[in-house]
Amino acid sequence: MKVSKILKRARIDILMVIEGEIATTQLIEQVLAAGAKFGIHVRKKLLSELTLKDFGKRTVPLFVRCGDPSLELWIKSMRRAGYPYLYYIDDNFWKIEGDSLIARYYQHPLVRRSLELAVSNAHCILTNSEVLSEFLLQFNDRIKTLPAFFDFSLMENPPRNSNGEVRIGFAGSPSRAPDLEIIKPLIAPVLANYPEVVFEFAGAMPEGISTGERVRFFPHMSDYAKFIRFKEERNWAIGLAPLVDTESNRCKTNNKYREYSACKIPGIYSSVLPYQTSVVSGINGLLVDNSAGAWISAVDSLLTDEGLRNSIATHAHADVLHRHSVERVAESWAKPISEVDTLLRRNGTPRLRQPLIIQCLKQRLLHIESLWVRLSTVYQADGVWGVLSKLSDRICRDMAELFARSHK
């Protein structure tokens, strides 16, 4: 029976549990919202604010990238009750290298313990990478590799105006800074050979490169819709997608390809696994080795051939629209959700039980563990001032939320 017919029976209540708002959580929310035509209704809740009251009749829990120590209480409680849940993961947190904040966080033993407990006991693990799926088999063989997606409703198609500049851009999270070392050698020669070229970096900058009239930096944007609009508005002639070939990176999706292509930006991509399966070099992008010479040659070829740029942008946009739009992939995502809903309808919804005093004590202890993990991670990277800065940011954020609630 087709998923669309199954889901017409009744509304499916999805409880999407997240640790914080990041691009991934906003993307997942978009594809679940596209499943509304199949009866899917999504609620979102922070793990730190999750309570037993959030679990209604036939609620399907979906934990997204959660590894916080406080998750342990919920997973053990669900395991005891026999309550099925889904777990989504899009990064190989076990193989993240380096000493960035995110690497240190997922390397912490308490986070690793919580993460492994969650994936091992999930009714089904959801991911977008075949390579990551193969890795996760050591914890759980109930895995579904779902298609990655892009929400074209975010596009505003602003007038294309670059004020006579030829802009080459990169946009990503601060954790992508190591990848920018690949393209750092091309900046100086390209600027010297092409007076009209401007480099723009959003979220991360190559180390040792200074901003100026022709090298610009824009802060990281946590709001994904604004991030996509930014890419559209900058009217980049070329989008750069360098990626170091590591075990962790091979488990990623072709996210840069989908975003650049949706914005009709011709992209140059490292010839590594996430892009090798989607980019046909010369047709919908350029695949290059991670050498300075290869990157400079690729940039030269696009700067000197506007027709090639336009052709790549057109083919790439059509490809992503055809294969990755949320409307096209929503049914694939609805299927594992409908399976859990069917299970709850057939067997009844298990009740999560925790003696109130024990639950409160456990939650307090796990929250203290969680805070300790985060602060110790920041301290290792940025010292005392980093910890004070994070605490200050948290206090300001809590005060702002309290003010907002009091004025509703």
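1. Tyr88 has Leu126, in strand 5, as its bridge partner. Strand 4 (residues 86–88) and strand 5 run parallel, joined by three bridges. Two strands pair if DSSP finds at least two bridges between them. Helices (H or I, at least four residues) and strands (E, at least two) are DSSP runs, numbered from the N terminus.

2. A note on the basis. This is a predicted model: local features need pLDDT of at least 70, side-chain atom pairs count only at pLDDT 80 or more, and totals for chains, interfaces and linings use all residues. Residues are numbered from 1 along each chain as its sequence is written, and side-chain values use heavy atoms, with hydrogens and water left out.

3. Leu126 also has a bridge partner in strand 6: Lys144. Three bridges join strand 5 to strand 6 (residues 143–145), and these two run parallel.

4. Strand 5 (residues 124–127) is covered on both faces. Cys124 and Leu126 are buried on one side, Ile125 and Thr127 on the other. Buried means under 20% relative accessible area (1.4 Å probe, protein chains only).

5. Helix 6 (residues 130–136) forms a right-handed β-α-β unit with strand 5 and strand 6. Right-handed here means that, with the strands pointing away from the viewer, the path from the first strand over the helix to the second runs clockwise.

6. Now the helix pair. Helix 8 (residues 224–234) packs against helix 9 (residues 255–262) at an angle of about 60°, with the axes 9 Å apart. Axes are lines fitted to C-alpha atoms, for helices over the stretch in contact, and angles run from 0 to 180 degrees between N-to-C directions. Tyr224, Phe227, Ile228 and Lys231 in helix 8 meet Asn255, Lys256, Glu259 and Tyr260 in helix 9 (contact means heavy atoms within 4.5 Å).

Notes: Buried < 20%, exposed > 50% of the residue type's maximum accessible area, 1.4 Å probe, protein only.
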